[in-house]
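Subject: Structure handover

Hi,

Here is the structure I promised to pass on to you. My notes on what turned up in it follow just below.

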Amino acid sequence: MKKIFLAGFFLVFIFGCTHKTVFNTVVVNSRYSLQIPEYLSATTDLVPHASLQYDNTEKEVYLVIIAESKKDMESYNLDYDLKTYYQNIVQ
């Protein structure tokens with residue numbers, strides 16, 4: 001009887017934890033589009049000059065896009081690629 005109970009518990013646990021996140025496509029000024037999780041809400045109070053801002057304060061998740069030209073980014077003389085940036089942020 002214990003084995004049946006434990007097996008049932010684990011099945012409910014495994015199948016109960018399979019939540020799929022739904023994404024919505026957002027187009028910004030006909031320049032680019034993103035798929036954003038539906039649990040994020042549009043906001044305007046994170047960064048003054050951001051072209052896109054979404055947040056969920058309960059989950060502490062924030063999305064901010066600041067559009068800059070490639071020329072401006074190159075003028076900052078940053079020695080970063082995406083992998084290096086990710087490793088610096090995650091640590």
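**What was found**

β1 and β2 form a hairpin with three residues between them, and N29 in that turn has a positive phi of about 50 degrees. Strands here, like helices, are DSSP runs numbered from the N terminus (E, at least two residues, for strands; H or I, at least four, for helices).

Before going further, a word on the source. This is a predicted model, in which local features need pLDDT of at least 70 and side-chain atom pairs count only at pLDDT 80 or more, while totals for chains, interfaces and linings use all residues. Residues are numbered from 1 along each chain as its sequence is written, and side-chain values use heavy atoms, with hydrogens and water left out.

**Overall layout**

The chain has three helices and five strands, and in sequence order they follow the pattern α-β-β-β-β-β-α-α. Of the 91 residues in the chain, 13% are buried. For accessibility, buried means under 20% relative accessible area, exposed means over 50%, and partly exposed is in between (1.4 Å probe, protein chains only). Of the contacts between residues at least 6 apart in sequence, 9% join residues at least 24 apart; a contact means heavy atoms within 4.5 Å.

Strands are said to pair if DSSP finds at least two bridges between them. Within this pairing, N24 stands opposite I36 in β2.

N29 counts as exposed at 62% relative accessibility, and S30 counts as exposed at 72%.

Y32 lies in strand β2. With a relative accessible area of 23%, Y32 is partly exposed. Leaving aside residues up to four places away in sequence, Y32 touches V26, V27, S51, L52 and I65.

**The three-stranded sheet**

β3, β4 and β5 make an open sheet of three strands in the order β3-β4-β5, with antiparallel pairing. The edge strands are β3 and β5, each of which pairs on one side only. Two bridges join β3 (residues 41-42) to β4, and S41 stands opposite D55 in β4. On the other pairing, five bridges join β4 to β5 (residues 61-65), where L52 stands opposite I65. β4 and β5 also form a hairpin, with four residues between them, and E60 in the turn has a positive phi of about 55 degrees.

Is β4 enclosed or open? Five of the five residues of β4 are buried, so β4 is largely enclosed by the rest of the structure. Both of its faces are covered: L52, Y54 and N56 are buried on one side, and Q53 and D55 on the other. In a regular strand the side chains alternate between the two faces of the sheet.

**The nonpolar core**

The largest nonpolar core has six residues: V26, V28, I36, L40, L52 and Y54. β1 (23-28) and β4 (52-56) each supply at least two residues of this core. A nonpolar core is a set of buried Ala, Val, Leu, Ile, Met, Phe, Trp, Tyr and Cys residues joined through side-chain atoms within 4.5 Å. L52, one of the core residues, touches V26, V28, Y32, L34, I36, L63, V64 and I65, not counting residues up to four places away in sequence.

**The largest pocket**

The largest pocket has a volume of about 260 Å³ (the space filled by probe spheres set on grid points that are joined across faces, edges and corners). A pocket is an open set of points on a 1 Å grid over the protein atoms alone where a 1.4 Å probe fits, with protein on both sides within 12 Å along at least five of seven lines; lining residues have an atom within 4 Å of a point. M73, E74, L78, Y80, D81, L82 and Y85 line this pocket. α2 (70-75) and α3 (82-90) each supply at least two residues of the lining. By class, the lining has five nonpolar, no polar and two charged residues. Here Ala, Val, Leu, Ile, Met, Phe, Trp, Tyr, Cys and Pro count as nonpolar, Asp, Glu, Lys and Arg as charged, and the others, Gly among them, as polar.

Best wishes
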